[in-house]
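Here's a quick briefing for anyone meeting this structure for the first time. Have a look at it, then read on.

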Amino acid sequence: MDGIVTDVPVGVKRGSDELLSGSVLSSPNSNMSSMVVTANGNDSKKFKGEDKMDGASSRVLHIRKLPGEVTETEVIALGLPFGKVTNILMLKGKNQAFLELATEEAAVTMVNYYSAVTPHLRNQPIYIQYSNHKELKTDNTLNQRAQAVLQAVTAVQTASTPLSGTAVSESAVTPAQSPVLRIIIDNMYYPVTLDVLHQIFSKFGAVLKIITFTKNNQFQALLQYGDPVNAQQAKLALDGQNIYNACCTLRIDFSKLVNLNVKYNNDKSRDYTRPDLPSGDGQPALDPAIAAAFAKETSLLGLPVAAVPGALSPLAIPNAAAAAAAAAAGRVGMPGVSAGGNTVLLVSNLNEEMVTPQSLFTLFGVYGDVQRVKILYNKKDSALIQMADGNQSQLAMNHLNGQKMYGKIIRVTLSKHQTVQLPREGLDDQGLTKDFGNSPLHRFKKPGSKNFQNIFPPSATLHLSNIPPSVAEEDLRTLFANTGGTVKAFKFFQDHKMALLQMATVEEAIQALIDLHNYNLGENHHLRVSFSKSTI
């Protein structure tokens, strides 16, 4: 559900303007500004607006204090995160609306949510309460525009099915899809930043707002254009494309939301129409130069912004941008290095007393499928490691260069070698070269494996999985303490098959991962260990 960023923060009050009863008709010449209500089907009474009942829940909600220029679409958007919206009636002259949801349960959830978070439309607080009506009866011919909008939004919601012309006359407005796209990035070998998304999507029109977040361990974004037509063009052109060679695949859908509410301008969210927004707690503030660029951009809104050069497949982002993206996510990228390039890494400053091909295979295997490892015969503090492809070697270098392994800070660079040579048959190289090409322990062999979404920098917190039922917290604490570190915290997931375990330092966690990934816990369960982005 896209519900995290609705344009709807709250204040729920009860007992105010309401329709009396019966069927609701809007006067054809009044643009719905004066309402006529038929009470009990006979005499017409002018809309009075006293709410007789106080507090009984209903699937019809009464919304008050709406800004004058607010649209049906914006009001419908308030309800969409909570369930299907089945009807809407705008009382423009009174700055009010009625919204009917498919179920009472959805309406209750919505009211409860908005009692905790005041909803705003166009920066103005609005008020939501239960209506006395159990359903909205509207005359579809007179409420045509609202019905057309509702039908269009519902079509977007139900997987963008085409509009059926049933309740809408030929001349009725049939709006396009939502201007908001939901973007999921698969196979995210490289960090993808908000700026990279802006660069790509600006090719199709002015991008107004972007919000990025992680959901189900997947990087996702919501991106709002000024015009739904731009969103449609971007979706057609970009869905299924790769941002970098052979990785970071875009999956794009229309969002159920029609407007995003951005509170902060930082590396997670941005409103390009409001360069004045604060950066929020604990987020890096925007550089003044970037803020100035925003201000300039707002004057360009409505004009397509020149964007990504080159072909769309892959999206031909220059390597410098890839490096900038990696650096922005807290890792060091190397300008000028092609993602599809070198598969062989040179690792130096190793602890030659301790290091083995197996330990290098395990650590570098967190970031890709290690094919071969060669510790250099004449320089045993250095090794060559061949990964499955250039993306993986770049990823391993970005994450592991400068980390401590066996007490020494290791250096990881791209090697000029294209492959790691195996020793000639019959030649004993003292076990310094090992071929892992057929290892069952490769994490990324299966296309679309969940492991692609769980690639994180080395961290003190480890994610453990494949734990058999018989193994208790105490067993795991003892096991990890025996790797020479201190276990600071531990937490089982609900099913007890997975857990988070925190060591005192990142170096201790690296050591524990090397020692205990694939450790046999009995009952045919081999422990799986990876770095976690969570803390306990």
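In what order do the four strands of the open sheet come? The order is 5-6-4-9, and the pairing is antiparallel. Keep in mind that this is a predicted model.

- Strand 5 (85-91) and strand 9 (127-130) sit at the edges, each pairing on one side only.
- On average, neighbouring strands here are turned by 20° against each other, if you ignore direction.
- Strand 4 (residues 60-64) and strand 6 (residues 96-101) run antiparallel and are joined by four bridges.
- If you want a spot to look at, find Ile63: its bridge partner in strand 6 is Ala97.

- Helix 2 (residues 104-116) lies across strand 4, strand 6 and strand 9. Against strand 9, helix 2 runs at about 140°.

**Salt bridges**

- There are ten salt bridges in the structure. Side chains of opposite charge can pair when their charged atoms come close.
- Asp186 pairs with Arg251, with 3.0 Å between the closest N and O atoms. This one links distant parts of the chain, as Asp186 is in strand 10 (residues 180-186) and Arg251 is in strand 14 (residues 247-254), 65 residues apart.
- Asp186 counts as buried because its relative accessible area, 17%, is under 20%, whereas Arg251 is partly exposed at 38%.
- Asp195 and Arg270 also meet through their side chains, at 2.8 Å from N to O. Asp195 belongs to helix 4 (residues 194-201) and Arg270 to strand 15 (residues 269-271), 75 residues apart.
- In that pair, Asp195 is partly exposed at 43% relative accessible area, while Arg270 is buried at 4%.
- Lys404 and Glu507 form another salt bridge, at 4.0 Å from N to O. Lys404 lies in strand 19 (residues 404-405) and Glu507 in helix 11 (residues 506-516), so this pair ties together parts 103 residues apart in sequence.
- Lys404 is partly exposed, with 36% relative accessible area, and Glu507 is partly exposed at 30%.
- Finally, Glu69, Glu74 and Arg122 are linked in a salt-bridge network.

Methods:
Residues are numbered from 1 along each chain as its sequence is written. This is a predicted model: local features need pLDDT of at least 70, side-chain atom pairs count only at pLDDT 80 or more; totals for chains, interfaces and linings use all residues. Side-chain values use heavy atoms; hydrogens and water are left out. Two strands pair if DSSP finds at least two bridges between them. Helices (H or I, at least four residues) and strands (E, at least two) are DSSP runs, numbered from the N terminus. Axes are lines fitted to C-alpha atoms, for helices over the stretch in contact, and angles run from 0 to 180 degrees between N-to-C directions. Contact means heavy atoms within 4.5 Å. Buried means under 20% relative accessible area, exposed over 50%, partly exposed in between (1.4 Å probe, protein chains only).
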